[in-house]
There are 2 protein chains.
Amino acid sequence: MKEKAAPEKAVPPKQTDMLLRQFIGYNMKRAYLQIQDDMAETLEPLGLRIGTFSALAVIMASPGISQTQLSEVLNIKRSGVVVVVDDLERAGAVQRTPVQTDRRAYALQVTPAGKALWARAEQAVQAHEAALFADLDADERRALQDLLVRAARSGAKHRKGTDG
Amino acid sequence: MKEKAAPEKAVPPKQTDMLLRQFIGYNMKRAYLQIQDDMAETLEPLGLRIGTFSALAVIMASPGISQTQLSEVLNIKRSGVVVVVDDLERAGAVQRTPVQTDRRAYALQVTPAGKALWARAEQAVQAHEAALFADLDADERRALQDLLVRAARSGAKHRKGTDG
DNA sequence: GACGTATTGTTATGTCAATAAACAATTATC
DNA sequence: GATAATTGTTTATTGACATAACAATACGTC
């Protein structure tokens, strides 16, 4: 069920993605897609997707946050936040609370059920990452975290001049 | 032009994505999206997208490769390869060559123009990554590369059991 | 207080990359 | 030689976004 007829000369000894492996972007993409797929599988039984999981985390950490603020933290547009919050509200995990000082805005709150859901989700993802990165010891995992944060920062800084 | 009316109690001192920063997946996503956007900008003047750039690299490294094999290397479906190869062929960078032993398949070849294009693209992306990761020294970049490869491998291994 | 402007959340629509499903032509297998 | 599998392709669908317009509300200035 693998190679059969097709040109045998192709895909010889050496790796076919040799020329791509030199790039951080390529390796980052491969790692990211792997992790993302696994993460989605982990969250699915809890009724969460990556987007709703992330939003729930932010609202947990910042109760009363507005949808506009949430969109800035998550780096998506306000219109995108609507469907995410709709989803979380439909699941009973989050509530749109009126803001006294501004009747346009909602203050987002995590319900008790939402807090319980977050506890389960956080634990599930922690366990998942622990299993996923079993090959990396604690030091290596810390190093990876640090390098990823710095890479993102570096990208953001570099981007400042060209994204406007 | 940033925060104004909205609930001041929200987004207090601490980071609103505190609960997410513990996860490698979150930091990976942020870094990846940064890099991907920048990469697309770098390739655009050359008439390439990330997908076509990657395909060109693989065909460079494995002349005569078939579209099915290419789809396996790039981790996309055969139907997705069609548009990528169409694009590269339209640009005159790649050619679909008939295979003697199998009249269904094409052996993909990079044209002279395609080789020149690859040389320019490879150099552009190398320069781009050098600038993008200027904050990381050579050792750190190597370490990041290594950790990303191992993370992807770890994910793939972990996935073996659950993706069927 | 009244005016124009800005902001919040929302809806509708588009985009982009990728998948899924079906297909004709060809090849492999028994 | 009949049946099954494979290659590349087309068409339709998905998902996760962005864009653009909108009503309701708030702000800034006179």
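**Notes on salt bridges and helices**

1. Let's start with A:Asp146: its relative accessible area is 38%, so this residue counts as partly exposed. Keep in mind that you're looking at a predicted model. A:Asp146 pairs up with A:Arg150 in a salt bridge, where the closest N and O atoms are 3.5 Å apart. Both residues sit in helix H6 of chain A, 4 residues apart, or about one turn of the helix. There's also a network: A:Asp17, A:Arg21 and A:Arg30 are joined by salt bridges that share partners.

2. Now for a pair that crosses over. B:Arg150 and A:Glu140 form a salt bridge through their side chains, at 2.9 Å from N to O. B:Arg150 belongs to helix H7 (residues 138-160) of chain B and A:Glu140 to helix H6 (residues 138-160) of chain A, so this pair joins two chains. A:Glu140 is partly exposed, at 22% relative accessible area.

3. Have a look at A:Arg96 and A:Glu89 too, a salt bridge with its closest N and O atoms 2.6 Å apart. A:Arg96 has 17% relative accessibility, so it counts as buried, while A:Glu89, at 30%, is partly exposed. Over all chains, the count is 18 salt bridges.

4. Zooming out, chain A has 6 helices and 2 strands, in the order α-α-α-α-β-β-α-α along the sequence. Of its 164 residues, 46% count as buried.

5. Over in chain B, does helix H3 come out mostly covered or mostly open? Mostly covered: 10 of the 12 residues of H3(B) are buried, including B:Phe53, B:Leu56 and B:Ile59. At 1.5 Å a residue, this helix (residues 50-61) should span 16 Å, and its end C-alpha atoms are 17 Å apart, which agrees.

Methods:
Residues are numbered from 1 along each chain as its sequence is written. Chains are lettered from A and ligands numbered from 1 in the order in which they are written. This is a predicted model: local features need pLDDT of at least 70, side-chain atom pairs count only at pLDDT 80 or more; totals for chains, interfaces and linings use all residues. Side-chain values use heavy atoms; hydrogens and water are left out. The expected span of a helix is 1.5 Å times one less than its number of residues. Buried means under 20% relative accessible area, exposed over 50%, partly exposed in between (1.4 Å probe, protein chains only). A salt bridge is a side-chain nitrogen of Lys or Arg within 4 Å of a carboxyl oxygen of Asp or Glu.
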